[in-house]
Amino acid sequence: MVVVGITGEIAAGKSRVTCELSQRLPIALIIDADRLAHQQLSDPDVVAALTRRFGPTILTNPAEFDPDAADRGSSPVASINRHALGRLVFDDPAARRDLETILHPPMKRWTIARLDELAAAWTPGSPPFWVLLDAPTLFEAGWDDLCDLTVAVRADQASRERRAAQRGWSAAELERRDRAQWSGDRKASAAEIVFDNSDLGSDPDTPSSQQAEAAWDHLAQTLLQRLPHPSEERATSP
Ligand SMILES: CC(C)(COP(=O)(O)OP(=O)(O)OC[C@H]1O[C@@H](n2cnc3c(N)ncnc32)[C@H](O)[C@@H]1O)[C@@H](O)C(=O)NCCC(=O)NCCS
Ligand SMILES: Nc1ncnc2c1ncn2[C@@H]1O[C@H](COP(=O)(O)OP(=O)(O)OP(=O)(O)O)[C@@H](O)[C@H]1O
């Protein structure tokens, strides 16, 4: 099993690159840290801890929140309003740290358990498989210690702004979230492989989609060349 951490700035195209790689590597599984965070946000203990810290304005239906529901083993009816929580944490480093203190440990535990499960399922002699860990804050959260290889996906500012706009984010919203993360340069210097995923199309004779496909092919080949010898396959953790 080879675990590849895929990180980069917002809207650099991490998820797209992860998906393209998964189609080019023989066997690849994706762990998406953003999705993992969203799943945690519906855990009753997490809902209770976040509401204690941030107050009921982060809930979709504050009136129905029962703070003792988790203790009784039932699910709180209320759920987290991600937009409201995002408004509180992206401008406030202390609030963000508190959110991460609540969310990151269960996210990392889940990931380690999943990696152990996958490593245990692999039998010597069978083809190697890849786990692509798509995590925007891979280095900031210290998840790179789970990875055999790290890739920083980069894209120029114009590409990122265009993509963010398609998501309904202004350049100011993009900048606000950017400030909550390491810069693209810092991520690139920490990663073993840097991949430029800017919008293409400068060559008038080649459609941009063909250029992008070729770039993704090349990245997959680079990863395949890094495949460890079978004897170096990672062992299941004790
Ligand atoms: C704050 C939350 C509720 C906002 O939800 P929302 O739906 O608006 O955004 P979404 O989750 O889709 O994230 C969009 C992007 O924001 C950036 N981002 C999210 N969390 C963080 C964070 N803690 N620090 C820096 N950037 C972050 C990432 O680049 C991410 O791709 C949510 O992002 C969250 O729970 N974050 C904490 C978990 C976390 O650290 N996730 C990053 C994965 S390692
Ligand atoms: N090389 C590319 N050419 C054109 N469009 C691209 C390219 N890479 C990604 N995109 C598009 O840009 C948008 C943002 O990409 P993606 O969601 O993969 O970014 P991300 O880095 O995972 O973002 P976030 O950190 O905010 O979750 C998507 O619509 C995606 O399809």
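How many bridges join E1 to E3? Keep that in mind as you look through these close-ups of a predicted model.

**View 1. Strands E1 and E3 run parallel to one another.** The answer to the opening question is five bridges. Within this pair, look for Gly5, which stands opposite Leu133 in E3.

**View 2. Five strands make up an open sheet.** Reading across, you meet them in the order E2-E3-E1-E4-E5, and the pairing is parallel. At the edges sit strand E2 (28-32) and strand E5 (193-196), each of which pairs on one side only. From one strand to the next, the twist averages 25 degrees.

**View 3. The largest nonpolar core brings together 34 residues.** Val3, Val4, Val131 and Leu133 are the residues with the most contacts inside this core. Several elements each supply at least two of its residues, including strand E1 (2-8), helix H1 (14-24), strand E3 (130-134) and helix H9 (208-225). In soluble globular proteins, nonpolar side chains tend to be buried together.

**View 4. Here is Val3 with its contacts.** Setting aside neighbours within four places in sequence, Val3 is in contact with Leu115, Val131, Leu133, Leu146, Cys147 and Asp148.

**View 5. A second core stands separate.** This one has seven residues, among them Val47, Leu50, Ile58 and Ala78.

Definitions and conventions:
Residues numbered from 1 in each chain as written. Chains lettered and ligands numbered in written order. Predicted model: local features only at pLDDT ≥ 70, side-chain atom pairs only at ≥ 80, totals over all residues. Core = buried A, V, L, I, M, F, W, Y, C linked by C-beta atoms within 7 Å. Buried ≥ 20, exposed ≤ 12 C-beta atoms within 10 Å, placed from the backbone. Helix = DSSP H or I, 4+ residues; strand = E, 2+ residues; numbered from the N terminus. Contact = placed C-beta atoms within 7 Å. Pairing = 2+ DSSP bridges. Axes fitted to C-alpha atoms, helices over the stretch in contact; angles between N-to-C directions.
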